[in-house]
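Dear colleague,

I am handing over a structure for you to look through, and below it I have written out what was found. Please keep the structure open while you read.

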Amino acid sequence: MPSTEVFEELRRYPIDSLNVEFQEYRHRKTGARHFHLAADDDQNAFLVAFLTVPQDSTGVAHILEHTVLCGSKNYPVRDPFFMMLRRSLNTFMNAFTASDWTAYPFASRNRKDYFNLLDIYLDATFFPNLNELDFRQEGHRLDFAESGDTSSSLMYKGVVFNEMKGAYSSPHARLMKQFSNSLYPTITYHHDSGGDPATIPDLSWEQLKDFHALHYHPSNAVIITYGDLPAEELQQRIEERALNEFEAIDVSSLAIPDEIRYDKPREITSSYPLAEDDTANRTHVALGWLLGRNDDIRKVLEARVMTDVLLDNSSSPLRHALETSDLGAAPSPLCGLDEDTREMSFAVGLEGSDPDKAQAVETLILDVLKNVADNGVPTESVLSVLHQLELSQREITGDGFPYGLQLALRTLTPALHGGDPVSALDFDDILGDLRRDAEDPSFIPGLIKDLLLDNAHRIRLVMSPDTQLAAKEEADEAKRLASLTAELNEQKREEIATLAAELDKRQAQEDDPELLPRVTLDDVPESLKFPEGQAQAIGELPTVWYHPGTNGMVYQQLISDLPAFDSEDTDLLPLYSMCIAEVGSGGRDYMQTQALQASVLGGLGARISTRSVLGNTTDLHSAMVLSAKGLSRNAGYISQLLNETMDSPDFSETQRIKDLISQVRIRRESSITGRGHALAMGAACSTTSASAALSHRWTGLHSIASLKTLDDKLQAEPGYIDELTSRMQKIHERIKSVDRNLLVVSDEDQREAVIQSVQNSGLLAAQQALLASDSSFAIDFDTGVTLQAWSTNAQVNYCAQSHVAVPAGHEDAPALTVLGEFLGNGYLHSAIREKGGAYGGGASYDGESSAFRFYSYRDPRLEETFNDFNESVNWLMNSTHELRAIEEAVLSVISRIDKPGSPAGEAISHYYAERYGRGVDYIQKIRKQVLAVNLADLQRVGEKYLSGSSVSKSVVGSPEKMKSLEGFQQFNV
């Protein structure tokens, strides 16, 4: 049947600024909506989403997201999602549960692969098996502590249960949960769609199936596609594989009602668990307002403009007040506008405060708002915000997340909440209206009065640390389990044991992978297309140019090779690079500089770039990189501000630097539970190479502990900041004096304008005075086995194990890379996630660290996980393996190597790859070697590198569990 008889075309709308055509369709029989973003891009993307509105915090939407991916009508294997990850050349595969929607996105550049994944996703979402055993594995179940021993104590298990225990270890996650719970007292946002560990065990299998039947129906579905595949072809496949089996149903009951409004502000107090005894300066104080609906893009953009005028950068009035206040350490992570919920919200506050300062924090915030409402803001501040909106609309991103899916998610929110999806993608006309409104001095004051000061639906949330809360929550769980145990008769004990045995049997069963579609090595392209750089100096400044097509954006990076530093200054380099872009420059203070940057740039930052010398564990390529981007019309400002930042940063702004260090400390501390596995791996391999040691010192657990010590010292010794900034200035003088290179990424027609801007900026005059560095950057580091236990606020563990391997460029590196995928796919996923209950686990080879690492993420276990790491090697050496499994591991690696980025991102990556000896020839050689890896190679490198006794380990977890580890060095973070 032609797609026109199945889908009704509603409109076509070209969006020139994004180089796409928006096409809107409606499925005639069910009402399912299809939005297609037609683009000249072979990275085709797909997303199917459903409005999901849980009425409790059992995590039904989240657990359903997991369970639908455990087998379906046409693909009756228990783990099709993870199996397809390794049978595919996808550039992205995942599933998301948000507060009021659940989405299933993927992207691929391979046509065959795209349609394979399309079939899998449609079958999984519309026709899942929803097996009770899969629900018990992914959601929650009761089991005996000693599985099979009915006389042992009961415990809760489940992947989502442990995932959310990990999430609730983060104070920020608890803060966001409590904020939403308090601001929305009666509707779906009052509940945690991810699930509260205390409530998750209340969810039944029947409730899960009922939730799917109502919510996962085409009448409640939004399908969004992007790329160069025609909509008609996609619709025909969607109809054949799914929609033709459904009739329309009434889903009006899912519509989210307006929240019942408060008639006066409310004050809420809450707490979060803290393992440390010192609770001073650990409280969060935040104000929140419920705003209007998000279905009117004009109202959304007005709220966004107001928010950014107040909070965008350190010169913004409200952010400045928060950053410089002695009432707290840093602006709250809640600060900003949430426009994704049906009724938007605005939040602002401080973290690192105390409960008795709550009223003062509230007064500070309201006084700033009243002052802006009374006196307004400069028109330039509003135009600066509108400039940032224009830039975000124009820039083609996609380095971490495919650009097509980014556009799809921008489309999704208005599609679900009654707005116009086109308006979320094309708002140039509204920006023009807002620019005219910005000339009216009453524009921003009016918004602040209407949305905030005259809005009674406001909360003040005070969330304080409680050193006993973790123990209380554990006791409450133990009490609940004890009550359940007391009610168990022999029959119920046997039922629990039988369920566990059945689940073990299901987890152990060998599914037929050929029930699933796949691509093969024959589908892998022989070679890749790489960006092409051209070396053409500007005066005496060596410059490399890339012109990939940037939609009117210009990117410039100034690169200076690092000279040698002593160990103390080496540890200071990351803070130096963070501060140089945050202090004043060019004779301006930091507020003036931030305001200027926001008005003409899309961002300016600095970083230290290091890579190991290919084939070497001790030598490093190292550089200081100063980067900026902006619209092509502002190319002159990009060069000017790069030069001023390098030429005259003001490290005498000591209070600013002190505030920045406090803020980055809090951010780094709060990031631990979200990336604990990466931090644990960094600690475990910190003795294997110079690059790994440096990573642990600069961005790893060691750096977080050092940052806490430094911040505490700055608070206790007011004069120490002068010594610290003096060292930063000396570091800068050394970096400033060495030779530089320039990288430019732009549209080709901007080349002459960029040359002119560089010539006018002062960069060339500075280049003439530079010298080549007289010494290369290097570090000393300890080698040998390390065992590290890092205590933090966590209800679950993050385990890592490291084996000394070989550096990148070694002949065994390709086989080790494939081995990581092979062990993860074939053994560790089942052992650590499915059976062990961790949210994730796996293995990988890291050439920078010269190490092979194992890891687990949000893991309820410790020793058992390390046993699984070792057993995976025994499985490799002693089990029979199918050729298919090796091919799947190879495909996973090739998919990662071939993954595309944004045009600018690919150009920048190519530049540094060439700079560090990992350019086109190296990548093509590695691809060829990876494609040739066989089982004998895997077993050879497994025996050679993973069978020895020199094994390093690291664990991140609660103090109680860390102290139980014998022979481990104990650290706090």
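The protein chain carries 88 positive and 144 negative side chains, and the centres of these two sets lie 1 Å apart. In this count Lys and Arg are positive and Asp and Glu are negative, while His and the chain ends are not counted; each charge is placed at NZ of Lys, CZ of Arg, CG of Asp or CD of Glu.

Please bear in mind that this is a predicted model, in which local features need pLDDT of at least 70 and side-chain atom pairs count only at pLDDT 80 or more, whereas totals for chains, interfaces and linings use all residues. Residues are numbered from 1 along each chain as its sequence is written, and side-chain values use heavy atoms, with hydrogens and water left out.

On the overall form, the C-alpha atoms of the protein chain fill a box of roughly 80 × 65 × 65 Å along the principal axes. The protein chain has 36 helices and 28 strands, which are DSSP runs numbered from the N terminus (helices are H or I with at least four residues, strands are E with at least two).

Of the 973 residues, 60% count as buried, where buried means under 20% relative accessible area, exposed means over 50% and partly exposed lies in between, with a 1.4 Å probe and protein chains only. The protein chain exposes about 37,000 Å², and carbon and sulfur atoms supply 47% of that area, as computed by the Shrake-Rupley method with a 1.4 Å probe; for residues, only the protein chains shown count as cover. Among contacts (heavy atoms within 4.5 Å) between residues at least 6 apart in sequence, 82% join residues at least 24 apart.

Helix α6 (residues 159-167) is mostly covered, with nine of its nine residues buried. These buried residues pack against several elements, including α2 (60-67), β9 (154-157) and α30 (813-835). In helix α16 (residues 428-438), the buried residues are Ile430, Leu431, Gly432, Leu434 and Ala438, and what covers them includes α10 (297-311), α13 (379-394) and α17 (443-453).

How many disulfides does a search of the whole structure find? The search finds zero, a disulfide being a pair of cysteine sulfur atoms within 2.5 Å. The sulfur of Cys799, for instance, is 15 Å from the closest cysteine sulfur, in Cys685, which is too far for a bond; Cys799 is also buried, at 0% relative accessible area.

Phe530, in the loop between α19 (490-508) and β17 (534-535), counts as buried at 18% relative accessibility, and, leaving aside neighbours within four places in sequence, Phe530 is in contact with His910, Val920, Ile923 and Gln924. Ser585, in the loop between α20 (567-580) and α21 (590-600), is buried at 1%.

Lastly, there is a point about backbone angles. Most residues other than glycine have a negative phi. Asn281, in the loop between β11 (266-273) and β12 (283-293), has a positive phi near 60 degrees and is partly exposed at 43%. Asn551, in the loop between β18 (543-546) and β19 (553-561), has a positive phi of about 60 degrees, and Asn551 is buried at 15%.

With best wishes
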